[in-house]
Amino acid sequence: MKKRIRNIFISIFVVVWLCAFHYESIRYFYLEPVLGQRLPKIKFLFPPAGWIMFYRVDDQFAYPEIYGVIKGAPQVIDPHDIIRTRFIGFDNIRRGILGAALSGYRRQDFCRYMHRNFPVFDDFYVTAVNIPSVTKAPYDRQQIPVYQCGGK
Amino acid sequence: MGKLWERLFLAERPSIGMAFFRIAVAVSTGTYLIPTFFSLDRTYLSTAFKTYNPSFFTTDALALVQKSPDGLVVFAVWLFCLAWFCFLIGLFSQLSCILMTFCCYYFYALNNFAMGTLTWDILMVTLVLMCVTPYHGDYFSVDCLRRGDREAYRRARPFFQQRLFQLQIAFIYFYTGLYKITAEGNWLTDKPLYYLMNYPVQGVTKNFLLKDFLAGQPQLCYWIGVLIVAVELAMPFLLFNPRTRRSGIYLGFLFHILLILTLDVPAIFFFLFPAQLLLFIDPEDVIRWVADKRDNNRRSRRMKIIYDGHCRFCQASVKQLEIMDLFGALEMVDFHSADDLKQLHPQLTKELAHSQLHAIDWDGELTGGFFAFRRCCLLLPMLYLLLPIVYFPGAALLGPVIYKAIAKNRYLFHGNRACKDNVCYR
């Protein structure tokens, strides 16, 4: 009897888990376009749009470049100095983590963070470097100013 | 249908695979999260730059976590470290898993910028599923020593958890391949690998040996990409078909080794996924393999452990060694019950045997105390974690001193009333 109840619980759990897993795997890119509406995401579990590791890689490449200004002269700050978290076996900077700084929505927080951690600089420029084609023109860098932090 | 369901999820099978997987999950979680603790002011404290993940968390949960004072963050760091270590060694496995997972959620909600990646989301799914049962604590754990179960290594449990992990990894491969050729994926219509090979130094591609060569081979890159997608799509079929399972596991290993060598991907790819592939090995096969090794060892000369059977601490220690002795490589001998110790080893006397634990190797070499324990570490998989410590330079000097102190006071352990003043020690 005890075993039977246990098996019922396990079976319910397995069915719920598998449904949730496959629902979240196909919700964003398959179910929503077919049904033509936003579907609820299961909170606290699963990534936002399924298992999309490297699913789309384009010829275009962009990355943030951040400058500190001393006495009017800007100089590039190594992004590794900005984050300063050394992961084991990989480099988070090269995974584009600093892209979050480009969002104007985070501007105030990021500037405050930069002023606190780099008091030697008077100001900061946040720029985005865009390479339209890494294969055809890898050195054609288009640098776009995103925002300036302003003085301390 | 009912029988198939029973066979797939409900049938009881040895949980030794889950026990091994627990260690891989602990290593993956630790290698990912612990580095972020070395610069708390830039990762989780109020001074850090933070971003949030509203698609994963509810806004209420995010708002609540953001109210955390720095003291609570530091407390959570210590709580995580404690829970993580307990989970790694399998002490209160399920409870430590739940606590560790809770801390992971907390840090994720606190700052998505410091740790949020797609692979972290995969790890979270794995952690939640690990919390469901204590099966992963059945072996390779302090829990199995606490329970004193000599048959712990072949303890049978409902298979559903291991099966769900199998399905998880197989379908993550499948969906990853599917996204690459449908949705907005461009692996059939374009040359994504070729672009990756040409990424500048700020990109995700490592400077590996063949990068420059591949950067000039668009067609080759395209077909390698197609091959990768084909393998990813085929993985569920390869892994669930008994005939191709071994090839599927080898392919998965190769895939992850290549991934870690060529791209800046989190170490989870290296520690978690290959271990998850090993969950496809039938646990009955593992137990049969262990049983064969035990039979072989029983037939050949085993290392003899000479211990004091009148000391309860020694009896308990020997019992724990027996539990850890997965391959039956040790033969326990209570020197009180041995007719003639000289027959065991010419140098062995009652006084010597009484002073500390001894080991007699296959080739007749006698070692005692710390050095006997060190020999055991080489034979017992559960003690492999101690190998870097017991063979650390200087351990041969410090180890015997610590061991002697424990051996000298062994009658005081386990509340032996007759020996409360340690009078039994000679």
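Trainee: What makes helix 1 of chain A and helix 10 of chain B roughly parallel to each other?

Mentor: The axes of helix 1 (residues 2-35) of chain A and helix 10 (residues 160-181) of chain B cross at roughly 10° and come within 12 Å. Axes are lines fitted to C-alpha atoms, for helices over the stretch in contact, and angles run from 0 to 180 degrees between N-to-C directions. Angles under 35 degrees count as roughly parallel, over 145 as roughly antiparallel, 65 to 115 as roughly perpendicular and the rest as oblique. The two helices are therefore roughly parallel.

The model is predicted: local features need pLDDT of at least 70 and side-chain atom pairs pLDDT 80 or more, while totals for chains, interfaces and linings use all residues. Residues are numbered from 1 along each chain as its sequence is written, with chains lettered from A and ligands numbered from 1 in the order in which they are written.

Trainee: Which residues of helix 1 of chain A meet helix 10 of chain B?

Mentor: Among them are A:Trp17, A:Phe21 and A:Phe29. Residues in contact have C-beta atoms, placed from the backbone, within 7 Å. On the helix 10 side of chain B, the list includes B:Phe171 and B:Tyr175. By class, this contact has 10 nonpolar, 2 polar and no charged residues. Ala, Val, Leu, Ile, Met, Phe, Trp, Tyr, Cys and Pro count as nonpolar, Asp, Glu, Lys and Arg as charged, and the others, Gly among them, as polar.

Trainee: How many residues are in contact between chain B and chain A?

Mentor: 54 residues of chain B are in contact with 47 of chain A. Helix 10 of chain B gives the largest share of the chain B side, 9 residues.

Trainee: Why do strand 4 and strand 6 of chain B stand at the edges?

Mentor: The open sheet has the order 4-3-5-6 in chain B, with mixed pairing. Strands are DSSP runs (E, at least two residues), helices H or I runs of at least four, numbered from the N terminus. Two strands pair if DSSP finds at least two bridges between them. Strand 4 (330-334) and strand 6 (366-368) of chain B each have a single partner strand, so one side of each lacks a neighbour in the sheet.

Trainee: How do you know that strand 5 and strand 6 of chain B pair?

Mentor: They share 3 bridges, in the antiparallel sense. In one of them, B:Ile360 has B:Leu366 as its bridge partner.

Conventions:
Contact = placed C-beta atoms within 7 Å.
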